[in-house]
Protein chains: 4
Amino acid sequence: MKAGILNITGYGGVELARILNRHTEFEITSVTGRSAAGENLSDIFPHLSGLNLTIKDQLDDDVDIVFSALPHAASAQKLKAHIDNGQKVIDFSADFRLDDPKEYESWYGTAHPLPNYLNTASYGLPELNRKSIKASSIVANPGCYPTASILALAPAMANSFITEDVIIDAKSGVSGAGRGLSLDTHFSELNESIKAYSVSGHRHMPEVIQEINKLNNDLKIKLTFMTHLIPITRGILVSVYAGINPLKLEGRSNNIDLIRAIYQEYYKNEKFVTVTNQPPTTKQTLGTNQCLIYPTIDTRNNRLIVIACIDNLVKGAAGQAVQNANILFGFPEETGLEELALYP
Amino acid sequence: MKAGILNITGYGGVELARILNRHTEFEITSVTGRSAAGENLSDIFPHLSGLNLTIKDQLDDDVDIVFSALPHAASAQKLKAHIDNGQKVIDFSADFRLDDPKEYESWYGTAHPLPNYLNTASYGLPELNRKSIKASSIVANPGCYPTASILALAPAMANSFITEDVIIDAKSGVSGAGRGLSLDTHFSELNESIKAYSVSGHRHMPEVIQEINKLNNDLKIKLTFMTHLIPITRGILVSVYAGINPLKLEGRSNNIDLIRAIYQEYYKNEKFVTVTNQPPTTKQTLGTNQCLIYPTIDTRNNRLIVIACIDNLVKGAAGQAVQNANILFGFPEETGLEELALYP
Amino acid sequence: MKAGILNITGYGGVELARILNRHTEFEITSVTGRSAAGENLSDIFPHLSGLNLTIKDQLDDDVDIVFSALPHAASAQKLKAHIDNGQKVIDFSADFRLDDPKEYESWYGTAHPLPNYLNTASYGLPELNRKSIKASSIVANPGCYPTASILALAPAMANSFITEDVIIDAKSGVSGAGRGLSLDTHFSELNESIKAYSVSGHRHMPEVIQEINKLNNDLKIKLTFMTHLIPITRGILVSVYAGINPLKLEGRSNNIDLIRAIYQEYYKNEKFVTVTNQPPTTKQTLGTNQCLIYPTIDTRNNRLIVIACIDNLVKGAAGQAVQNANILFGFPEETGLEELALYP
Amino acid sequence: MKAGILNITGYGGVELARILNRHTEFEITSVTGRSAAGENLSDIFPHLSGLNLTIKDQLDDDVDIVFSALPHAASAQKLKAHIDNGQKVIDFSADFRLDDPKEYESWYGTAHPLPNYLNTASYGLPELNRKSIKASSIVANPGCYPTASILALAPAMANSFITEDVIIDAKSGVSGAGRGLSLDTHFSELNESIKAYSVSGHRHMPEVIQEINKLNNDLKIKLTFMTHLIPITRGILVSVYAGINPLKLEGRSNNIDLIRAIYQEYYKNEKFVTVTNQPPTTKQTLGTNQCLIYPTIDTRNNRLIVIACIDNLVKGAAGQAVQNANILFGFPEETGLEELALYP
């Protein structure tokens, strides 16, 4: 299958190229960049010289699938022609994630470019939406924070044993902020420091609420979602706190074994979600499509705690995109994603 | 005044030496280490050669104040003679922090070495306990996490506008784990990674509960306290989440200006607590005795959010110890602590 | 082919497992550790749970190749039985690298365990010794520093255009120091610091001298070799300085184009050495078997400068071992080593 | 004394403010920035709120000393009025470092703005030029690399025991590149990587050659000078390699004790240079005005090796500027510079 990448020159695009390079079913045949048309990809990224790709203005017509690593709004605008052309598309941006275009406008500050296309898009979190992904031709690749957050909360929500009070405290490496320059990502400013950001509300929050609430008709979560920047390149760790409804845990709110069993059952067939026996670290996911999840209970206070880790550029972006592409074309989901973590 | 330091060879002890070196009123005259008696301090720490100190088995008798950077249990055992001798002592360990020796035993796994001395000790958080510190001769220097956590919560608790539901998600640099070797603090394991630890309960939690609850007779917090290790050397950032009681905020739970005013009023006379207009970063506290606090409200969900930052070795250990020593001897609290942050 | 790994629990062993996991021709069937016999590998390294391996005391008899990641001396002692048994072995340690057992003894402080086996071993740097590797059954996998250093110097030495005066200033990430604990690799000590170490002579120096001198009968280099520890996990960068013999550069000592052409010609058929147009960075090699080499001239002073980068655990250890194994068994050298760098 | 700072908003300026804040003789009374006139300094740097300074377009007329942290060319242009006005000036830029304006033009790509003022400027390395600094009213504060390099080489050059062949391999933290944004200093690009830069010649090289050659009429060094970027915020380590002239070492080229004695004698009265017994680390200088120097010999090859460390923003910039200011006004050189290293 021929794959095209829109805007390969960002971190998400480069990571996608790295993964597809070892994929047996997809070949990258055509790529664009935002400002480097005509250049060889290796002029910008010497480590990609083996791919032997030239950056173009437009993708070739014959690509079977289009991955877009463009920013929001620009992505939908560019994808329109490909969608209309009958090509399958996977969008790394937020453009097709939110069901409600008004919600999109309120968070992204611009009218949705293609509101009429929203109902044909699927939210590309395979562990929850495998069927709708397979049936769709527009896949909205989830945000990095939502991937970890939704996977961490889903078993509890689907099994109704939490209350509406949910707090997610998320910590992310810097690559999630992309390749664009800013004082926030200037080495000397960020290094050896921790900061909270987007404290009045991060754009990834509405995705989490939308998708989690679909899992339980009787519960609408009240989510506080806080994001922190950590001076590492890759990795997201989310710490999820929620009240427990003891009625749903055999009357016991301190039944750690039970909630662990629920989580293991929920993900028993998943290749890319592992329920761990010990609190995971982001390093254990480096370069892989794994989401590691550790559920436990604060038995003093009757609260669920879930720790989840991903590599934000793999399961949080390019790896999940490949997983979605595998679903769209009927390949085994793990094709091209067999890599073990780069450790240490 | 002559100052003695028990166990100067740990990170807390070295930092105390750095600070006292520029203190106009205290001079370090005598120091011990755990295993290096007879050596010159500069053999272990070349950058301290200017201090010209030899590590001894015992402190000289003539020191006016004893700072102990020994581990728990060992600290109280060693301090007993100094206390009995009428010397003022400031203890970096947990030995005199908890009012209840049973609570101590349950968290530290050993019977309290000096239970009869507990009632003469003060909890050395000057912003809350200035008077009792001045009146005491044993000062329990607070833990690093509790310092940031209690200062972040105190104005809300004292002003009764929160509910009992409190979650503290704390992130710490590695120096808090000390100079002892472990795989957890081995560079290659920790670098470029984030991890949660002590998930079933960190030893610093009971301190926080004990001291916060003293601030309000009508409210007992239900605290979930989670700690995370971040690959930086110094710095703690705590993110505090609590329910809001709107009755106490003029009926409005979204009154960010009001809670900020409450916080500013509460700390208006404090030299070492700054209520900030923007979310602070740990880098802004590097090397200083400052605690930076940013209170805000999640107006969608009626929850208080407070971000607080300190340098765990200064306001979280040695700097606070010097602040306490200044109180004990009647010096201005900021003596020797005038330093600006090392930036970047 | 069945592969066995002696001491998989060090960083070299774990990296080898990661690489072999995607190798189409070798399967890891048997592994030992130094102290964890009986444990499942995933108990120590959760991210390796997919390998489903149990650590044993001895390798199974039926392995076709033995990779040893044991320390020096212990490695040769353990490999003897496998060698005598006719199995091919690749040794990560220094035991079979030095031709002269007295040289070994002087640098490693112990008599060589198997001096009679030295003449049947090859020095496993494929770019220089492909034929002798293929003909041998004991491959001494080169040290990490020597790999980068020898590859950086070889074209100049083989083409006789340098003088005997050679200085190599090497900078390494911390993973090269292994998983054993020490104050030198304690996070807080090393982080945000640079240090020189082994200043009176690093053990990797004699390898470099031995192998480089084989390339030119008329020149014996006088090598100063200095090593520095850098607070990153992976990566080695060596900066090589050598006098130029202008007679061998068409009479011109400032002919940068010519020396670049010599380097490109020398490595034109190599998959794992790239002569770059710009100074390379270690990040461009992360997780890959590439050695990136940038030769230039200090035209003011008539000196050759060569910058070379590798990932110390891949081309400097496990990846090169796989490259050697591919040679031993007649597989294409790049089998299992097709990976692009993990960037950023 | 009243001090003014031109362009306080760069890293050099901020560091100067931090140091002067604890200086007993100088008070910062007036500051400018490059683009923030009218703003309070604390709006840009919250951690400097204690200074209570407003950024102005021009310094007040009444300042006794002007520190300029402006870039080259802009600095001399701005300083002219202050010099003409009879104020003492200390310039962080390169504008007054090179004796020959043609040399300046060839390295900085612009004609020198004030060539007629060069002969009244002193090169502000106090350990070598104390007298000329005191006699001058324009002090050219040395570059960060030259400070470490010259101090490392000076005793050998002055004592004539080296040959002309000198190689300096320098490693620097990122803060030396300043606060301006670039892809090179973007966190994700630089973190966990090592790179060589300015390989065809760094601008700091001519300073080193100029000043070193002044120390010995009979020897002109042939210097290769290479710079590397290391992912830490602060710190420079230089590794100096030079041939030894054994005639000057009592006929012995392996006399490590002798060269150490020469170095110690050379710096015996210096407060800010320490000849160490062990190879120093940059961490040992963090936040201090110290230069740590470790001389040794590669006895196999008859070469001098010197390792030197500084904090590039202190002894390499702001601290040295304060040391120079102390000299200009007759204060003890260590005034305001008594700080011990921030460790760990």
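What rotation superposes chain A on chain D? In this predicted model, where local features need pLDDT of at least 70, side-chain atom pairs count only at pLDDT 80 or more, and totals for chains, interfaces and linings use all residues, a rotation of 180 degrees with 0.0 Å of shift along its axis does so, with an RMSD of 0.0 Å. Residues are numbered from 1 along each chain as its sequence is written, while chains are lettered from A and ligands numbered from 1 in the order in which they are written. The superposition is by least squares on the C-alpha atoms of residues with pLDDT of at least 70 in both copies. The relation found is that of a two-fold axis, and the C-alpha of A:Phe187, 2.2 Å from this axis, is the nearest to it in chain A.

Where the two chains meet, 13 residues of chain A are in contact with 13 of chain D (C-beta atoms, placed from the backbone, within 7 Å). Helix α7 (residues 187-190) of chain A gives the most to its side, with three residues; helices are DSSP runs of H or I with at least four residues, strands runs of E with at least two, both numbered from the N terminus. Because 100% of the interface residues of chain A are also interface residues in chain D, the copies meet through the same surface.

Elsewhere, A:Asn245 lies in the loop between β11 (236-244) and α9 (256-266) of chain A. A:Asn245 has 18 C-beta neighbours inside 10 Å, so it counts as partly exposed (buried means 20 or more other C-beta atoms within 10 Å, exposed 12 or fewer, and partly exposed in between, with C-beta atoms placed from the backbone). Leaving out residues up to four places away in sequence, A:Asn245 touches A:Ser160, A:Phe161, A:Ile162 and A:Thr163.
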